[in-house]
Amino acid sequence: MNSFNDLKIKLSISIGYAGAKRTDEHSLSDYFEEDEWASLSEEEKTKALDEIVDEWASNYIDIGVSLVGGEHV
């Protein structure tokens, strides 16, 4: 079994175009202490990883939406 300090988080984002992919790898210990990680349930770990990837991805993408044309309600 790997030690906590060997655990990595692999983050990737792609927009579907060749060459338009970004992948980074970080140590889990960059985000959590070992005892803190161990105390989380599987659901909490999944949520924490989702939050990490969302924050990471927001550094690489700019998303927007607007309503155009016609009468706005």
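**Exercise 1.** Decide from its relative accessible area whether D24 is buried or exposed, and then find its salt-bridge partner.

*Solution.* D24 has a relative accessible area of 15% and is therefore buried, since buried means under 20%, exposed over 50% and partly exposed in between, with a 1.4 Å probe and protein chains only. The side chain of D24 meets that of R22 in a salt bridge at 3.2 Å, N to O, the term requiring a side-chain nitrogen of Lys or Arg within 4 Å of a carboxyl oxygen of Asp or Glu. R22, at 36%, is partly exposed.

This is a predicted model, in which local features need pLDDT of at least 70 and side-chain atom pairs count only at pLDDT 80 or more, while totals for chains, interfaces and linings use all residues. Residues are numbered from 1 along each chain as its sequence is written, and side-chain values use heavy atoms, with hydrogens and water left out.

**Exercise 2.** Determine which residue K45 meets in a salt bridge, and where the pair lies.

*Solution.* The side chain of K45 meets that of E42 at 3.8 Å, N to O. Both residues belong to helix 2 (residues 42-57), where they stand three residues apart, about one turn of the helix; helices are DSSP runs of H or I with at least four residues, strands are runs of E with at least two, and both are numbered from the N terminus. K45 is buried at 15%, whereas E42 is exposed at 60%. By the salt-bridge rule, the count comes to two.

**Exercise 3.** Place E33 in the chain and classify its exposure.

*Solution.* E33 sits in the loop between strand 2 (21-27) and helix 1 (34-39), and its relative accessibility of 56% makes it exposed.
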